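Hi,

Here's the structure I promised to pass on.

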Amino acid sequence: MGNRSVIALDAMSGDLGPEVVVRAALASLDKHPELELLLVGKPEALDPLLAPHAGADDRVRVVPASEVVAMSEAPTDALRRKKDSSMRVAINLVQSGEAAACVSAGNTGALMATSKFVLKMLPGIDRPAILAELPAVDGSFYMLDLGANTVCTADHLFQFALMGSIVAADLGALSNPKVALLNIGAEDTKGNDTVKEAAAILEASSLNYTGFIEGNDLYRGRADVVVTDGFTGNVALKSMEGMAAMTRFYLRRAFTRNWLAKLQALLASPVLKQLARDTDSRQYNGATLAGLNGIVIKSHGSADAIAFQHAIDTAVVEVENQLPAQIGKLLRKEAA
């Protein structure tokens, strides 16, 4: 394999089936010359999709798995009963060292539970956190936790901040990411005891902690990393997605209400297309399950080929930067 990076793709999970994964895989191979992909799933479903490309590239192969974790399946059931699922086999490949990372669009709870069971946690990290890149004015920011941990201690929030800072430095090419805690006010007196205690820990750390940030400032570029518990983070994320959908709805309605509005839409077409590109959620697809002793990327369940390819891109960058090793190194520095 030489210097190739090997990434395992859970090819059977997600809402749109293996066709999406195969298209994304082939596009990723064109983009990354040193990439090798292991498509994990049922050969009878994957082989026909790859057949038209047979011989075109020796950097993709199928790894058999006989089961699939359903999107509605309980994480404990998936962990105990689906030991030959495409998800489990893909994660096992990371654990064995045959792959450097796993990408899955499957059941989030099952992916988290299986990854934690198989790969274990990095020393010094208590819980994995879901981290994703989100759009902001003139750029983007990274936010965690987005749903894995509904109740957190101050130490957990500090660990999230540390992991988020490393990911932002790697994926965002930021030399000293600004870290903020999501709170109900920017003043030191605001917030609950957990957030205040976490702020004190962060202020004493080597991280570039900039203080509290409110929800209305998330998109203004005032922080590169925003840290919160999974309950608040998930509510914030879903609110963002809902607001984006509502904005698109009102724009469509405004530009289709009569013939004059349709003419205005035609004239504004270049601006509207640029807006669509800037707010296209597919370019932010691929959440990191941070804190694991291995690299696992969660793609959105409804991701199309473009979105799933972005999740693969995220995995490639994290493999190149050896994310778990970097987190471990910073943890040891903070503990010294």
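**What I found**

Helix H8 has 26 residues and spans 38 Å from first C-alpha to last, close to the 38 Å expected at 1.5 Å a residue (the expected span is 1.5 Å times one less than the number of residues). Helices here are DSSP runs of H or I with at least four residues, strands are runs of E with at least two, and both are numbered from the N terminus.

Before going on: this is a predicted model, where local features need pLDDT of at least 70 and side-chain atom pairs count only at pLDDT 80 or more, while totals for chains, interfaces and linings use all residues. Residues are numbered from 1 along each chain as its sequence is written, and side-chain values use heavy atoms, with hydrogens and water left out.

Back to H8. Its buried residues (under 20% relative accessible area, with a 1.4 Å probe and protein chains only) are Gly230, Gly233, Ala236, Leu237 and Met240. They pack against S5 and S6, where contact means heavy atoms within 4.5 Å. At the N-terminal end, Asp229 caps H8, with a side-chain oxygen 3.0 Å from the backbone nitrogen of Phe231.

Now the sheet. Eleven strands form an open, mixed sheet in the order S3-S2-S1-S4-S11-S10-S5-S6-S9-S7-S8; two strands pair if DSSP finds at least two bridges between them. Strand S3 (60-64) and strand S8 (208-213) are the edges, each pairing on one side only. Strands S7 and S9 run parallel and are joined by three bridges; Val179 has Val225 in S9 as its bridge partner.

Which residues have the most contacts inside the largest nonpolar core? They are Met143, Leu181 and Val227, in a core of 75 residues. Such a core is a set of buried Ala, Val, Leu, Ile, Met, Phe, Trp, Tyr and Cys residues joined through side-chain atoms within 4.5 Å. Helix H6 gives the most to this core, with ten residues. A second, separate core of 29 residues includes Met12, Leu37, Ile297 and Ala315.

Is Arg59 buried or exposed? It's buried, because its relative accessible area is 9%. A polar atom of the Arg59 side chain lies 2.8 Å from the backbone oxygen of Leu29, and a polar atom of that side chain is 2.9 Å from the backbone oxygen of Leu35.

Cheers

Conventions:
Buried < 20%, exposed > 50% of the residue type's maximum accessible area, 1.4 Å probe, protein only. Polar contact = N/O pair within 3.5 Å; in protein donor to acceptor, adjacent residues only side chain to side chain.
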